[in-house]
Amino acid sequence: MTTEMNLEQKFQDYVDAENKVEPKDWMPEKYRQTLIRQVSQHAHSEVVGMLPEANWITRAPSLRRKVALLAKVQDEAGHGLYLYSAAETLGADRMDMVEDLLSGKAKYSSIFNYPTPTWADIGAIGWLVDGAAIANQVMLCRTSYGPYSRAMVRICKEESFHQRQGYEIMMTLAQGSAEQKEMAQAALNRWWWPSLMMFGPTDDDSPNSAQSMKWKIKRKSNDQLRQEFIDKTVPQAEFLGLTVPDPDLKWNEEHSHYDFGEINWEEFYSVIKGNGKCNKQRMDARNKAHDEGQWIREAANAYAKKQEERKKQAAA
Ligand code: FAQ
């Protein structure tokens, strides 16, 4: 017991000194479990996050838009793969993680359970959802777990291209015909509040934050990041000539921040419990893709087995 406590204190000192924890280092079991939980949820979010936008690949308004959207959606798949690999370095099994997602046991970001009825939703996702993802993930480049932090550096570079891609779509629509501007405004109305929910519950209601911040897994709290996102995004909306759908939004001179209205937490918890507009559709799509990919997993495994046999024969 004493030894365990000594190890935990040494670990805390090591993290406090801004050192990175690597896969073979000793770490408290709860640190490992917290990371597996967060990194696997993050990986699932990237993978499910491909679906709302993939819905528009065949209907992108021009070849240029289609190429950019295809590249973006493929990037999200890549992010999922880096993150599953980072979780594997903690001892998690990839098939277990995938099965937990497909059975509905594992969480993924609430934001991907909302529909994308118009092309403007693709602009709004890039601008707001990738914008919120960057706000959250820049701090994760400095997370204490080495493989996660290194994966995040690359992911953030790509997310930043995604954000600009989305903002440019919004700019084109906002400067277009009255109908296009209306479409951009309607998409902002749909995505604003769910984007604020992406940061998770308020600090008072976030069961994991205090310990995660102590271990420097998270470097900023949910509320801090949400505020930073609002302060950065409101002027962007103003530049577009669009109105943020929050009558309580107001610049607070004293605190140099925007004050904002009440988030509908009932909606948030309902979505993460599986009752959002698209939860079922997203899970059905992932399960269908998984089933249809069975043959390729079998082929890849057979190939790997064959290679292994060849190596053994060559060594004999
Ligand atoms: N949705 O105690 P906390 C992206 C859960 S990637 C669903 O505050 P924590 C890229 C939370 O898991 C977007 N569940 O938890 C892209 C916990 O549940 P548990 C994803 C949520 O971990 C763009 C419970 O509530 N980003 O967008 C949500 O300390 C465009 C209590 O919450 C990441 O995953 C939510 N929004 O903080 C892709 C970033 N919020 O496990 C395609 C990494 C909270 O105890 C297109 N993750 N919960 O049952 C994080 O930074 C953290 O995990 C938070 C939550 C901040 C998400």
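The second largest pocket of this predicted model is lined by 20 residues, and Val 47, Leu 81, Tyr 84, Val 98 and Arg 286 are the ones nearest its centre. A pocket here is an open set of points on a 1 Å grid over the protein atoms alone, with protein on both sides within 12 Å along at least five of seven lines, and lining residues have an atom within 4 Å of a point. Its volume is about 500 Å³, where a volume is the space filled by probe spheres set on the points, joined across faces, edges and corners. Helix H3 (50–54), H4, helix H5 (94–102), helix H12 (279–292) and helix H13 (294–315) each give at least two residues to this lining, and H5 gives the most, with five. Helices are DSSP runs (H or I, at least four residues), numbered from the N terminus. By class the lining has 14 nonpolar, three polar and three charged residues. In this scheme Ala, Val, Leu, Ile, Met, Phe, Trp, Tyr, Cys and Pro are nonpolar, Asp, Glu, Lys and Arg are charged, and the others, Gly among them, are polar.

Residue numbers start from 1 along each chain as its sequence is written. In this predicted model local features need pLDDT of at least 70 and side-chain atom pairs count only at pLDDT 80 or more, while totals for chains, interfaces and linings use all residues; side-chain values use heavy atoms, with hydrogens and water left out.

The largest pocket holds about 1000 Å³ of space. Its lining has 42 residues, and Gln 41, Ser 109, Met 198, Phe 199 and Gly 200 are the closest to its centre. H2, H4, H6, H7, helix H10 (222–240) and H11 each give two or more residues to this lining; H6 gives the most, with nine. The classes divide into 18 nonpolar, 14 polar and ten charged residues.

What sits in the largest pocket? The ligand does, in the sense that more than half of its atoms lie within 2 Å of the grid points. There are 35 residues around the ligand, and Gln 41, Lys 107, Ser 110, Ser 206 and Lys 218 come nearest; a residue counts as near if one of its heavy atoms lies within 4 Å. Helix H2 (29–48), helix H4 (63–88), helix H6 (119–140), helix H7 (146–174) and helix H11 (265–275) each supply at least two residues of this shell. The shell has 13 nonpolar, 13 polar and nine charged residues.

Polar contacts are pairs of N or O atoms within 3.5 Å. A backbone N or O atom of Ser 110 is 2.8 Å from a nitrogen atom of the ligand. On its own the ligand has 1100 Å² of accessible area, of which the protein covers 91% (Shrake-Rupley method, 1.4 Å probe).

A cavity, unlike a pocket, is a set of points where a 1.4 Å probe fits but cannot get out. One cavity of 30 Å³ or more is counted. Val 15, Glu 18, Asn 19, Lys 20, Arg 142, Ser 144, Lys 216 and Arg 219 line the largest cavity, and these comprise one nonpolar, two polar and five charged residues.

Definitions and conventions. Polar contact = N/O pair within 3.5 Å; in protein donor to acceptor, adjacent residues only side chain to side chain.
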